[in-house]
Amino acid sequence: MTDPILYLPCFDFLPHRQRPQHLLYQLSLLGFDVVYCNVTQNQERPFIRLNEHFVICQDIQALPRRTYTMWVSHGPYLDELHRFSHSLLVCDLADATVGPFAMFEPWQERKIKEADLVLCASELLFADASKHGDRALLVRNGAETELFKPAADKLGAPLYKEEEAVYLAGSTAPVIGFWGAVAGWLDWELIRYLAEKRPHYLFVFIGDISCPIPEALASMPNVRWLGDKEYESLPAYARQFDAAIIPFLKNELTEHANPIKMYEYLAAGLPVVSTDLREVLAHGDVVRVVPSGEHAAFAAQLDEALLSDRSQASVAARQEAASGHSWEQRARAVAEAIRQLSRIPG
């Protein structure tokens, strides 16, 4: 087996999941030893074991001195690698270093050139990395498909935090849901248009609010901003939704992005309407895609999704599409690449 994978602190493993947490945890289920370092440090409880192969480290000073496979998503950690003995360097490219991530541009090319393996979340990121050699591997985002699958059964067994979800997001009105970072890449004009033109719809936004919400939107009676929620509670919220949206601006940042929420929405069986992001277009058979800036068309597609996309057959088709994009499948591709670099049989 390879040396243990060490992930230096970028964000805590709990309460929500992002790309590194998903991939690394799935690798642990495939037998790779993983040490995931939290930003939050607790010297009284330096290690928390989640399974036989996955450990959360809360005291970096307590890490055993040994050789690791280093996993870097946060570019500045390249400057700290000299502190660790490592046999392999895996660098993960989840976003383009533009806009709010422009500060990380000085490390992006180094991540590509210094790594033994470069994981790329989108086609454009892969194309950029491939200019510098043959170490790039296209590993798009995915979903915990089995976690979200029960959300489609409206009468199924109660889900985790479902009472809270019903209280905060339940309504007899059509509920249009969103989860993910509430950040500057949201199309505020589109969201305001939808809320104004569809006052009988309830728009529910779940996620860490990292930028000011326009005053007009913050006070609209049919828009709820619920803030961050535990990852495991998202299926309960999905059960309250009648459709889900990806109302992103179309720019260099979002064109390089592969939205995790798209796969999660589909795994929950939800009808999905999105602006025409490059990575979403490939899923036009199960996602309603609308050109950016065409607000009236977006509203019309949302209406049509509520009318036509909620049959049992439609739900099954979306969940079937999502089944081919699980984090387990993504991790298996990474595992094979690491084994080949380490010359270990699969």
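Start with the second largest pocket, which has a volume of about 380 Å³. A pocket here is found on a 1 Å grid over the protein atoms alone: an open set of points where a 1.4 Å probe fits, with protein on both sides within 12 Å along at least five of seven lines, and its lining residues have an atom within 4 Å of a point. The volume is the space filled by probe spheres set on the points, which are joined across faces, edges and corners. Select Ile60, Leu63, Arg65, Arg83 and Phe84: of the 14 lining residues, these are the closest to the centre.

Before moving on, know that this is a predicted model: local features need pLDDT of at least 70, side-chain atom pairs count only at pLDDT 80 or more, and totals for chains, interfaces and linings use all residues. Numbering runs from 1 along each chain as its sequence is written, and side-chain values use heavy atoms, with hydrogens and water left out.

Next, hop over to the largest pocket, with about 1,400 Å³ of space. It's lined by 45 residues, and Gln18, Asp95, Phe101, Ala181 and Trp185 lie nearest its centre.

Now select Tyr263 and Arg330. Arg330 lies over the face of the Tyr263 ring, 5.6 Å from the ring centre (the rule: NZ of Lys or CZ of Arg within 6 Å of the centre and within 35 degrees of the ring normal).

Last stop: Tyr7 and Tyr36. Both are buried, meaning under 20% relative accessible area (1.4 Å probe, protein chains only).

Notes
Buried means under 20% relative accessible area, exposed over 50%, partly exposed in between (1.4 Å probe, protein chains only).
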